[in-house]
Amino acid sequence: MYLSVFISAFLAATILPAQSEAVLAYQLSVSPGAMVGLVAVATVGNVLGAVVNWGLGRGFTRYRHRAWFPVRPQNLEMAENHYRRFGRYSLLLSWVPFIGDPITVVAGLLREPLWSFVLLVSIAKSSRYIVIAAVVSNVI
């Protein structure tokens with residue numbers, strides 16, 4: 001139960017396609033008494049996956065001018081400008097599908113300190129899972 005939630009949450013936060021919300025919702029529906037543990041495990045897995053993206057961003061910095069680099073220079077510059085404009089608080093959107101993962105990679109590219117990265121990403125991702133848990137348990 002916990003392992004499936006952790007793995008799906010971890011993979012969903014990386015550049016790999018995965019769906020953690022459905023796995024969490026299912027596990028919550030069959031084990032409603034484990035809500036706090038499941039939300040905590042999903043959050044930890046998702047934050048650790050985002051840290052992988054941050055690390056990839058930090059490591060890829062040295063390769064950004066190579067022809068094989070997977071992001072076009074214009075797209076990377078646009079993402080960097082948005083991140084600089086909105087600052088580290090854009091990490092509060094790291095839970096949003098399609099834009100969250102690139103934000104975490106750009107944070108690494110732009111050398112966001114790990115402590116602030118983890119703090120903001122944890123707030124964003126735990127909030128999403130808390131809302132999902134509340135909806136599944138009919139609290140909202």
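## Helix α3 against helix α5

In this predicted model, helix α3 (residues 35-60) packs on helix α5 (residues 100-109) at an angle of about 45°, and their axes lie 6 Å apart. Axes here are lines fitted to C-alpha atoms, for helices over the stretch in contact, and angles run from 0 to 180 degrees between N-to-C directions; helices are DSSP runs of H or I with at least four residues, numbered from the N terminus. The two helices are therefore oblique to each other, given that angles under 35 degrees count as roughly parallel, over 145 as roughly antiparallel, 65 to 115 as roughly perpendicular and the rest as oblique.

The crossing of α3 past α5 is right-handed, that is, the near helix is turned clockwise from the far one by less than a right angle. On the α3 side the contact (heavy atoms within 4.5 Å) is made by Ala50, Asn53, Trp54, Gly57, Arg58 and Phe60, and on the α5 side by Asp101, Thr104, Val105, Ala107, Gly108 and Leu109. These residues comprise 6 nonpolar, 4 polar and 2 charged, where Ala, Val, Leu, Ile, Met, Phe, Trp, Tyr, Cys and Pro count as nonpolar, Asp, Glu, Lys and Arg as charged, and the others, Gly among them, as polar.

## Burial of α5

Helix α5 is mostly covered, with 8 of its 10 residues buried, meaning under 20% relative accessible area with a 1.4 Å probe and protein chains only. The buried residues are Gly100, Ile103, Thr104, Val105, Val106, Ala107, Gly108 and Leu109, and they pack against α3, α4 (73-86) and α6. Just after α5, Arg111 takes a positive phi of about 65°.

In helix α2 (residues 20-30), Ser20, Leu24, Gln27 and Leu28 are buried. Seen down the axis of α2, these residues fall within an arc of 100°, so they line one face of the helix; the arc is that of the directions from the helix axis to the C-beta atoms. Their cover includes α1 (2-13), α3 and α6 (114-136).

Helices α1 and α2 pack at an angle of about 160°, with axes 8 Å apart, and are therefore roughly antiparallel to each other. Their crossing is left-handed, and in it Ser4, Val5, Ser8, Ala9 and Ala12 of α1 meet Ser20, Val23, Leu24 and Gln27 of α2. This contact divides into 5 nonpolar, 4 polar and no charged residues.

## Basis of the values

Residues are numbered from 1 along each chain as its sequence is written, and side-chain values use heavy atoms, with hydrogens and water left out. Local features need pLDDT of at least 70 and side-chain atom pairs count only at pLDDT 80 or more, whereas totals for chains, interfaces and linings use all residues.

Key. Buried means under 20% relative accessible area, exposed over 50%, partly exposed in between (1.4 Å probe, protein chains only).
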